[in-house]
Amino acid sequence: MARQEGKRTLCSCLRSTMAMRGAWLAAGLVLLGQVQATTRTIDAENTPAGPGGEVPSGTCKFPLEFNGQTYEDCITFDDVEWCRNEEGFWGVCAPIAYELPPKEEQPTGPIAINEVMAGGDAEGFVELINIGQETVDLSGWRLTNEVTDSGAGFIVGSPAGGFACLDPSYTRLVPEARMVLIKGDACSFTFEMGQEGEVHIFEASGNEVDMVAWTEAEMEGGQALARLPDGLGYFSPNVPTPGLVNDGSSAVKVDSAVALSDCCGRFLDTPGECDCAAFDIRINEFMAANSKSLRDEDGDFSDWIEIFSPVNADISGWALTDDKENPFKWVFPEGVSVQRNGFLVLFASDKNRSTIGRPLHTNFALDRSGEYLALVRPDGTVATEFWPSFPQQYQDVSFGHPEDSKNMGYLMSITPGGLNSKERKDYGPSIYDLTENPQQPFEQATILVEATVRPLEGTRIRDVLLHYRVDFGPEKRVKMTDGSASQNVTSSSVEERQTTREASPRDRLFSAMIREPTKRNQMIRWYVTAVDGRNGTSRYPTFETENEPEYHGTVVQDPSLDNSIPSLDMFVEDEEAAATQEGTYGSIMYNGKFYDRVFINRRGQTSLLWPKPKLKLDFKGRIFDWMEGEDKVGSINLESHYMEPGTNTYMRPNIGSAYFEDVGIPAPVIFHVSLRQNGEFYGLFSLGERINEPFFDRVGLSFKNSNMYKAEHTSFANLRPLDEIPHHLRYAFKKENNQEEDDWTDLYELTDALAGPDTDAFLYDHLNIPAVLNEMAAQTLILNHDRCSKNYFLYHDFATQEWQRLPWDFEQLLGVGVHLGGDESDTSVTFGYCLLSCEAFNSPFFCDRNHPQDPAESVQLLNDPSIGGAGGGVAPSPSQGAGSAPSTQEPPPEEREAEEEEEEEQEGEDADTAVEEEEEEEEVDPADCPSGILRFFQPGCARRRMSRRLLQDQSSEADFEYNPEDHWNHLTDAIFSVPQLRRMYLRRLRTLMDEYLAQPSWIEQKIRTLRDDIYQIADLDSAIWNPLHPSHTIRTGMQQMLGPGGILPSRREQLFDTYGRQTNWTVIPEEQPDVIELCIARVMKDGPEPQRFVEIKNQENIAVDISGYELVGDVEFTFKPGTVVGPNASVFVSPDVLAFRNRRQSPKGNERRLVVGPFEGSLPEEYTLELHDKADNTIASTADGMCPDN
């Protein structure tokens, strides 16, 4: 008899089942003679014809003589039982017919215990079967042994085994499907099953639905107790068959070479030619828009494909492809097979995994809009092909052969790994190549909209309609005309609509015109519906979820638009909602492309209270074409340029972006755009790149092999030791990548090490020192003050185990003070951000413990003579600046308690005031509010963005108390406390001063270029958003920035003169000499390749900046920005910095070595190396010898 697999659930236990099947069968071989032989017949329906076309039938003849042996039952080839009939022809043995118990003794269902095995050398198992007519969800059902008390046993769908145990594909059983539970598996029971015992199954409600008891004799010799036949029969001792049809066959497996030809798993009576193509191995079902139906082993809802075979088939070397020109795009690995009438499910995830015994993944994903898909045989012929493409697909709807027939269609339910369901007929024709992003029309112009419509096989197109709207007006519709007449859609007409989709003979080209009296800057949107003869209806765009586009569209051109900077159009039905944190959906037009259903909301912290909002645009997928030559992104920021630390220049973030990029620091790109809302000028904004995967790709950082943390909290993200990872660090920082890896250990170890006893060695071994020094020096030069305890990212590279810091939020650079250019002489505790004139903020050592960002502490230090303060901005000496302890004195306990009580009372008053303000605002009569943007300045006239109560995140902050360490950065302070690193930092700062601040200033030239681009639009913005301050224009801001005594001249004077001259204040070194003494000190060419190195030594008594220098010859390396070699010190260039630090012999880690890499190339026995400066001058060479001391 053929042991045929029944329907199965896709659960992790099946892999274990398959692995252990051999052990169970071996254990049961001794039982084969115990089952009484019965009459066997040939199953003509499942027996292949011989070479002459004969299909044998009739009764099997026993004894069976074969290969010198005599058998009393069928013999097994490749798990299929065969016999000879009376005429001597081979045929497949039909299943044994069994006697059923009386109706009252049969299980009531819908679930029955079908087979159990207890004890013995093999693991025990319990097999359940669905004998009902409906799918059953076993979540919450309970399986027990003889201990049946409430709470005892195993609960199906328990999360203890992992997320896979909760997956519906595990817990749901379709009719006739089996679930095999193996003792000890992740999603299975652990209770004992003795040689004499019981198993019970209870519904979630507690009702018992089935049980089985056995004796020691029935489980003797490794046999199982199984129902014969499946589901309804008596329990009888039998060979274990977990996951397979139970039977009492005593067939013997034969491994001998026989004179039978194996044709794709089928045996013929004589050798002959075999045509695998004659058998219907095919793609039986697939899903191209999976959001909840089936998870892969990573927990992702990947697309999936099901393969069906009516025969035992080894499909090693077969292939799946979505590219007709590349038929072997993804090849099944050696050893992949499908059993007769069985299924193989694999994921089309683009993850490319081909390990036997693990889930298979193709190296492509499926396009839900339709694409080519094929199953290809090893000889290159096609077994299944969707040409030119499969139809448009819908979310969580599978496509395949309804009820495993020859037809194709959408399926009523998904059945990966089982028989397919019936066809659903409510979906209509596929709609392709709908007109998208046409040339923007002028006023009164018409718009031609075209779409290709392809009916499903066996159906016809009945109607195609164009639906459209102007702005947010009523929807209109017009019938589209079949322009293809009796001809097929030509390739030229397809190309005109900018598509690469291959045409089908069934394609029809429909078109219609939108004729409306449109005006400048109006938005026009459209979609298409199609109906077939079965009343099946389709829509494009499909708009199945709120995060998908509802329309295609465009915007009417405005010839008067100022094109000095890009324009971005934003359309929202609720204008105020777009400026709230809750946000709303809208449409965006940018650079000739239209994006629908973009989520728009307010972002920021302090900026939540600004009238002019900072915004985030979320495109719900990487589709936004934001910058030519760069990858598309899924979201982007809009910087508002509303409040700056001085009169508005509308360019501080843009200056910072360009400056950091030119200095060699990974930083987001920011550039100006003119923003219009609903056709009206809204303001001068800037598009700002977000720190996410596309950013990592652009700047050359690893997204997956790293951790990136964003410092968010005003006080607690300054890397001071926080003793509770789960609470404190997660409150202070936000993890930007690898969020599924709930492990913050590396950040904790960093904060712990910065407070540890051997900080120096840690800094050398765990920081990307060039990158960190470069970022610190660049931030100092440009006076970006809001960076000590927030507004930066920490990047931890797993490959090198090095940390570096990335800047973020450049609005506060080159500032005067918090008064927007107001009174700097006010150095009170409340208004202490005198950024430009106070040494506490303009010092090269800003952010160390003596130069904290906190205004209160800064003013205290500023006026404290014990640490060098003199009350008027006079700084402590450099020797007192970095690394010395702050002179702060804690008030007596009773005074502190009184202060805390007063603070709590004030917080309560503030919260009450916020509530009162909100209540008062609700009572304002809208008729009393001014029109336009002035409503934002009238209390109660605009929807509130954020109350004071919301600014206080009381639930988290209540666990923190004020700490003097809150406002200086512990990484910065640690670096300044190491004399060598401090010298290296100051040398890099001097390099940047000479390159970017010395006249003619790079920064000044950049400012003037940006001013020329935006000054007219900036004036329009100022008139709208600063109606109460008409003098606060970009001209005033530019004068404050560049004029005599302005910010940039003052900063130049501070760094070059105050901190750089030979005075008592000198901390910044003189300009680096043109000629410096560097030499190649050592070349290690022996030992493991990753641990080799080249040592470059600085023979000067000053730190030397070698950024941009190159090592050339047998190995090549360019020294990154920020690479500075200390006085009489060395830098080691390695192919693997982590391997260098793991060397057993010196030089190695924990020795305070500056190590950079990786270099390219290898070091042969005879090598040549040269060191070139940035002008390509050779300053050291192995041909000239090594360093004098070497």
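Is Y709 buried or exposed, and what is its relative accessible area? Y709 is buried, with a relative accessible area of 0%. The structure is a predicted model, and a search of the whole of it finds 40 aromatic pairs. This briefing covers selected ring contacts and one set of paired strands.

**Aromatic pairs between separate parts of the chain**

- F660 and F810 form a tilted pair, with 5.0 Å from centre to centre and 50° between the planes.
- F660 belongs to helix α4 (residues 652-663), whereas F810 lies in the loop between β50 (802-807) and α10 (839-842), so that the pair links distant parts of the chain, 150 residues apart.
- Both F660 and F810 are buried.
- Y709 and W803 form a stacked pair, at 6.3 Å centre to centre and with 25° between the planes.
- Because Y709 lies in strand β47 (residues 706-711) and W803 in strand β50, this pair ties together parts that are 94 residues apart in sequence.
- W803 is buried, with a relative accessible area of 4%.

**Ring cluster and charges over rings**

- A cluster linked by ring pairs comprises F286, F386, F390, Y394, F399, Y410 and Y427.
- R142 places its charged end over the ring of F202, 4.6 Å from the ring centre.
- The charged end of R597 sits over the ring of Y585, 4.0 Å from its centre.

**Strand β57 and its partners**

- In strand β57 (residues 1130-1133), S1130 and F1132 point one way and V1131 and V1133 the other, and all are buried.
- Strand β52 (residues 1093-1098) runs antiparallel to β57 and is joined to it by four bridges; I1096 stands opposite V1131.
- Strand β58 (residues 1154-1156) runs parallel to β57, with three bridges between them; V1156 in β58 is the bridge partner of V1133.

Methods: Residues numbered from 1 in each chain as written. Predicted model: local features only at pLDDT ≥ 70, side-chain atom pairs only at ≥ 80, totals over all residues. Heavy atoms only, no water. Buried < 20%, exposed > 50% of the residue type's maximum accessible area, 1.4 Å probe, protein only. Helix = DSSP H or I, 4+ residues; strand = E, 2+ residues; numbered from the N terminus. Pairing = 2+ DSSP bridges. Phe/Tyr/Trp six-rings, centres within 6.5 Å; stacked < 30°, edge-to-face > 60°. Lys NZ or Arg CZ within 6 Å of the ring centre and 35° of its normal.
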